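Subject: Structure handover

Hello,

Here is the structure we talked about. My notes on its strands and helix follow below.

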Amino acid sequence: MITDKGTMVIRLSDSTPLHRDNFLTLVKSKFYDGITFHRVIFQFMVQAGDPATKKSSANSTSYTIPAEIRPGLYHKKGVIAAARMGDDVNPAKASSGSQFYLVQGRIFTDMSLDSVETFRLNGRKIPEAHRAVYKSIGGAPHLDQGYTVFGEVIKGTSVIDSIAAVPTTGRSAGDKPIDDIHIVRVRLIKRKS
């Protein structure tokens with residue numbers, strides 16, 4: 001994925017075949033080429049995939065994909081996950097057909113992870129292996145088991161940091177970057193292993 005802020009290599013997960021195949025189809029059709037990151041929140045995530053942000057938007061993606069939430073796929077820094085409508089209108093947690101986010105997140109302590117478990121996860125425990133990752137590279141644990149994670153950046157996570165650092169309109173105005181940050185193009189490369 002080549003962006004205005006640099007290039008990332010993303011490996012898609014075979015554990016989420018519906019999301020993987022949908023993303024591959026969109027990449028092959030050049031759907032993401034020219035789309036902007038329309039929502040950016042520092043120390044949280046950067047979101048793209050809204051066809052309305054593309055100047056020549058003839059593509060419509062008003063479909064959803066059934067959730068493929070897997071216990072081993074969690075919101076550590078660098079993962080790609082599917083955006084979706086909220087639980088109040090989407091109790092099945094179905095994903096957007098095209099919108100995704102890349103997690104920047106932040107680094108947590110045991111105390112802050114305990115707080116996430118109590119106040120954001122309603123007592124659900126974060127596995128020890130995941131806690132270790134959240135304490136070392138960071139992420140967004142409050143999203144775990146609520147959204148489909150379908151891959152991760154394996155090269156170029158600093159690009160997420162660069163995008164997340166841009167000035168935005170702020171929460172009340174949708175966290176849109178002041179200056180557009182584009183996905184220039186997305187291309188498929190052969191998986192090495």
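Contact below means heavy atoms within 4.5 Å. Helices (H or I, at least four residues) and strands (E, at least two) are DSSP runs, numbered from the N terminus. Axes are lines fitted to C-alpha atoms, for helices over the stretch in contact, and angles run from 0 to 180 degrees between N-to-C directions.

This is a predicted model, in which local features need pLDDT of at least 70, side-chain atom pairs count only at pLDDT 80 or more, and totals for chains, interfaces and linings use all residues. Residues are numbered from 1 along each chain as its sequence is written, and side-chain values use heavy atoms, with hydrogens and water left out.

With those terms, helix α1 (residues 17–28) lies across β3, β7 (79–82), β9 and β10 (149–155), and runs at about 135 degrees to β3.

Those strands belong to an open, antiparallel sheet of six, ordered β3-β10-β7-β9-β5-β4; two strands pair if DSSP finds at least two bridges between them. At the edges are β3 (9–12) and β4 (37–41), each pairing on one side only. From one strand to the next, the twist averages 25 degrees. Inside this sheet, β5 (residues 45–48) and β9 (residues 100–103) run antiparallel and are joined by four bridges.

Two bridges join β1 (residues 2–3) to β11, antiparallel to each other, and I2 stands opposite R185 in β11.

Regards
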